[in-house]
Amino acid sequence: MLCLRCGQCCLRLGIFIVNPSSILADGSINPHDPQAMVFKPAEERCPHLASQAGHGGYLAVCTIHHLPCYRGTPCEQFEQVGPEDAVCIMSGYFRALAEKR
Ligand code: SF4
Ligand code: SF4
């Protein structure tokens with residue numbers, strides 16, 4: 001899936017994320033830390049979500065994307081049904097949903 005970096009899934013979906021206070025100095029987490037993963041409820045902004053200016057405006061940035069603690073998380077494994085090189089279809093869905101509100 002090609003991510004458009006709209007950041008909507010990091011806001012709209014309920015998902016287990018790395019606990020910000022469990023990240024160690026080297027960017028990893030202690031695998032035996034029972035608090036290392038916490039649930040981010042749907043409609044709550046992920047604490048790791050930031051933004052940067054990009055082509056035509058806002059681009060979502062995951063601030064832990066490059067860290068070892070991100071490896072193997074549900075976020076890293078998050079995929080949509082369809083071809084690997086297809087553009088994310090959820091971005092448009094989330095936008096349409098927001099417009100209805
Ligand atoms: S909704 Fe899709 S395009 Fe937007 S950040 Fe999530 S994966 Fe990327
Ligand atoms: S950890 Fe990163 S990819 Fe996962 S919800 Fe938070 S900002 Fe998005």
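In the predicted model, Ala 50 has Val 61 of strand E4 as its bridge partner. This pair belongs to the antiparallel arrangement of strand E3 (residues 49-54) and strand E4 (residues 57-62), which are joined by six bridges. E3 and E4 form a hairpin, and two residues lie between the strands. In the turn of this hairpin, Gly 56 adopts a positive phi of about 75°.

Read from the N terminus, the order of the elements is α-β-β-β-β-α-α. The C-alpha atoms of the chain fill a box of roughly 40 × 30 × 30 Å along the principal axes. The protein chain has 101 residues, of which 11% count as buried. Among contacts between residues at least 6 apart in sequence, 59% join residues that are at least 24 apart.

The largest nonpolar core comprises eight residues, namely Cys 10, Ile 17, Val 18, Ile 29, Cys 46, Cys 69, Tyr 70 and Cys 75. Cys 10 and Ile 17 are themselves members of the core.

Ligand 2 is surrounded by Cys 10, Ile 15, Ile 17, Cys 46, His 48, Leu 49, Cys 62, Ile 64 and Cys 75. This shell divides into eight nonpolar residues, one polar residue and no charged residue. The residues around ligand 1 are Cys 3, Leu 4, Arg 5, Cys 6, Gly 7, Gln 8, Cys 9, Ala 60, Cys 88, Met 90, Ser 91 and Phe 94. Here eight residues are nonpolar, three are polar and one is charged. Helix H3 (residues 90-100) provides the largest share of the shell around ligand 1, with three residues.

Arg 5, which belongs to the shell of ligand 1, is found in the segment before helix H1 (9-12). Its backbone has a phi near 55°, a positive value in a residue other than glycine. Most residues other than glycine have a negative phi. Arg 5 is classed as partly exposed because 17 other C-beta atoms lie within 10 Å. A positive phi, of about 70°, is also found at Glu 43, which is not a glycine. Glu 43 is located in the loop between E2 and E3. With 9 other C-beta atoms within 10 Å, Glu 43 is exposed, since a residue with 12 or fewer such neighbours falls in that class.

Pro 31 is located in the loop between strand E1 (15-18) and strand E2 (37-40). Pro 31 has 6 other C-beta atoms within 10 Å and is therefore exposed. Its C-alpha atom is separated by 19 Å from that of Ile 15, 16 residues away along the chain. Thr 73 occupies the loop between E4 and H2 and, with 16 other C-beta atoms within 10 Å, is partly exposed. Thr 73 and Ile 15 are 58 residues apart in sequence, yet their C-alpha atoms are 9.8 Å apart in space.

The loop between helix H2 (74-77) and H3 contains Glu 79. Glu 79 counts as exposed because it has 9 C-beta neighbours inside 10 Å. From C-alpha to C-alpha, Glu 79 and Leu 2 are 9.7 Å apart, although 77 residues separate them in sequence. Gly 82 is likewise found in the loop between H2 and H3. Gly 82 has 11 C-beta neighbours inside 10 Å and so counts as exposed. The C-alpha atoms of Gly 82 and Pro 47 are separated by 29 Å, with the two residues 35 places apart along the chain.

How values were computed. Residues numbered from 1 in each chain as written. Chains lettered and ligands numbered in written order. Predicted model: local features only at pLDDT ≥ 70, side-chain atom pairs only at ≥ 80, totals over all residues. Near = placed C-beta within 6 Å. Helix = DSSP H or I, 4+ residues; strand = E, 2+ residues; numbered from the N terminus. Nonpolar A, V, L, I, M, F, W, Y, C, P; charged D, E, K, R; others polar. Core = buried A, V, L, I, M, F, W, Y, C linked by C-beta atoms within 7 Å. Buried ≥ 20, exposed ≤ 12 C-beta atoms within 10 Å, placed from the backbone. Contact = placed C-beta atoms within 7 Å. Pairing = 2+ DSSP bridges.
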